Structures are given as C-alpha cells and as structure tokens.
Amino acid sequence: MELFTIKGLKAGPTFLFHDQAPFQDVLQAVTDELARAQGFFRDSPVVLFFGDRLLQKEDWWKLKELLLGEGLLLRYAVATSPASRELLYKEGLPVRDSLAAPLLDQKTSPPAQLKSADTLYMRRGLRGGQKEVCDGDVIVMGDVNQGAEILAGGDVVVVGTLRGMVHAGYPDNKDAVVVALNLTPLQLRIGTMIARADDDQNNRRVSRPEIARVKDDHIMIEPYQGKL
C-alpha cells in the first residue's frame, strides 16, 4: 500500500492513508498529492480511510488543517480502531468502522450509472459544478459542460461535447487518452501534462470526433480515426 492514494469509490473520492507508516511521512505524501492535483478536489466531499491506525489527536489536527486548507469537505471517516473512531467522533467528524461496498451492486444499480473498479459508465452528461472521480476509465454518454470536472486513472471518453475540465491518467499515466465528439475543454490534463485552451481553441468549431494524447511531452489533439 502506498503512503497515500485516492480512489473513486461509490461513496465519492476516498483518501486512503497507510495505517502503518509514520504519520509524518503520510502527511507529506498527502501534501505532495494535493499540490499535484492543483485544487481539483476543492469543494469536494471526501471520505477519509485510516484503516488500523491508532490516530493521535495532534496528527489529526495537522491533517485536518491541511485538508481544510485545500478547501476539501470532510464527509466521514473510516477507522477500524475504536480509539481512533472515538477521537474523530469527539472532533465532530462522522465515523464508520468499514468502507461501504466500493463497487456498485449491479442488482440494485441505477440505470443511469454503472461503476466498477475499472470503468465508470454514465448514461448522462455532467452539469457545471458536478465532479466525478474514478481510478479507472470513464465513459460519459452526454455533454460535459463548462464547470464540470472528471478525474480518471485511465481514459476518458465523452460521447458528446467536452467543455469542462478533464484529467485522464491521474496521476502520472501518460498513455491515457481523451476522446470526445466535440473536444473543446478549457483545461485538459493527461498524466502530468496540462493543456489550456487559448481563445482560438476555445472558439474553434470542430464537428468531428477527436482524440487527445501525449506525444513528445505535449498534449496533442488529432482527428479520431476509430482506433486508439
């Protein structure tokens, strides 16, 4: 297990902290990762998973200050240690002793969205202010409007117009791609690469599917020819 990882689970973005490593190392890993995310999780309700860690009050205060300083909304925490749960509860944070099932039970899944560890399939678009996080690929059957955000560990495919912000291949997968019927995002990230639309790009009207990928350490946009 890494010092700190972010998973897109059913409950929402879930921050998983290594429960055996020195907390100072974990804290530094969180600091580095949030710096790399460049504010992506701001205003996002997140779940905190502490595992078996016996959390100390001073450590929690440092972590809380860091997370709130990044503008995160703390939804609830998960800790298997009763002492850690009691500490967090007294600090005003809802707590649980286990994560909810991370994968969607297909028998009860709503038809509008299917989510697995590998793929998030959405039979709808995303409005401004909506945000989706998945550690695998994301497929959106609709438009991703300005102000909407997608963070994916793998590829992102939008069967519609992409105007929002997308980060494919998070955090450092440069092999990921972004495909859309109309690709006009204000900001596009693949792995560690970032591309921002200038005025010309934002106003361009391309009525053909396009694919964005990393070539020579730059994000290139090309006509999509039906294969990756």
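Student: Let's start with strand pairing. Which residue in E14 is the bridge partner of Ala168?
Tutor: A word on the source: this is a predicted model, in which local features need pLDDT of at least 70, side-chain atom pairs count only at pLDDT 80 or more, and totals for chains, interfaces and linings use all residues. Residues are numbered from 1 along each chain as its sequence is written, and side-chain values use heavy atoms, with hydrogens and water left out. Strand E12 (residues 165-168) runs parallel to strand E14 (residues 187-190), and three bridges join them. In E14, the partner of Ala168 is Ile190.

Student: What is the strand order of the open sheet with E12 and E14 in it?
Tutor: Strands here are DSSP runs of E with at least two residues, helices are runs of H or I with at least four, and both are numbered from the N terminus. Two strands pair if DSSP finds at least two bridges between them. This open sheet has five strands with mixed pairing, in the order E8-E10-E12-E14-E15.

Student: Which are its edge strands?
Tutor: An edge strand of this sheet pairs on one side only. That describes strand E8 (131-134) and strand E15 (193-196).

Student: And in the open sheet with the order E1-E2-E3-E4-E5, which residue in E3 is the bridge partner of Leu16?
Tutor: That sheet also has mixed pairing, and its edges are strand E1 (4-9) and strand E5 (95-96). Strand E2 (residues 12-17) and strand E3 (residues 45-51) pair in the parallel sense over three bridges. In E3, the partner of Leu16 is Phe49.

Student: How are H1 and H2 oriented to each other, roughly parallel or roughly perpendicular?
Tutor: Two packed helices are described by the angle between their axes and the distance between the axes. The axes are lines fitted to C-alpha atoms over the stretch in contact, and angles run from 0 to 180 degrees between N-to-C directions. H1 and helix H2 (residues 57-69) pack at about 0 degrees, with axes 11 Å apart. Angles under 35 degrees count as roughly parallel and 65 to 115 as roughly perpendicular (over 145 is roughly antiparallel, the rest oblique), so H1 and H2 are roughly parallel.

Student: How many residues of the contact of H1 with H2 are nonpolar?
Tutor: Contact means heavy atoms within 4.5 Å; among the residues involved are Phe23, Leu27 and Val30 of H1 and Leu63, Leu66 and Leu67 of H2. Nonpolar covers Ala, Val, Leu, Ile, Met, Phe, Trp, Tyr, Cys and Pro, charged covers Asp, Glu, Lys and Arg, and the others, Gly among them, are polar. Two residues of this contact are polar and two charged, and the nonpolar ones number seven.

Student: Where is Gly39 found, and what separates the C-alpha atoms of Gly39 and Gly71?
Tutor: Gly39 is in the loop between helix H1 (23-37) and E3. Along the chain, Gly39 and Gly71 are 32 residues apart. The separation of their C-alpha atoms is 8.1 Å.

Student: Is Glu33 buried or exposed?
Tutor: Buried means under 20% relative accessible area, exposed over 50%, and partly exposed in between (1.4 Å probe, protein chains only). Arg36 is partly exposed at 38%. Glu33 has a value of 11%, so Glu33 is buried.

Student: How many residues apart in sequence are the parts that Lys174 and Asp217 tie together?
Tutor: The closest N and O atoms of this salt bridge are 3.3 Å apart. Lys174 lies in the loop between E12 and strand E13 (178-183), and Asp217 in the loop between strand E16 (210-215) and strand E17 (218-223). The parts tied together are therefore 43 residues apart.

Student: What is phi of Asp216 near?
Tutor: Most residues other than glycine have a negative phi. Asp216, in the loop between E16 and E17, is exposed at 72% relative accessibility. Its phi has a positive value, near 50 degrees.

Methods: A salt bridge is a side-chain nitrogen of Lys or Arg within 4 Å of a carboxyl oxygen of Asp or Glu.
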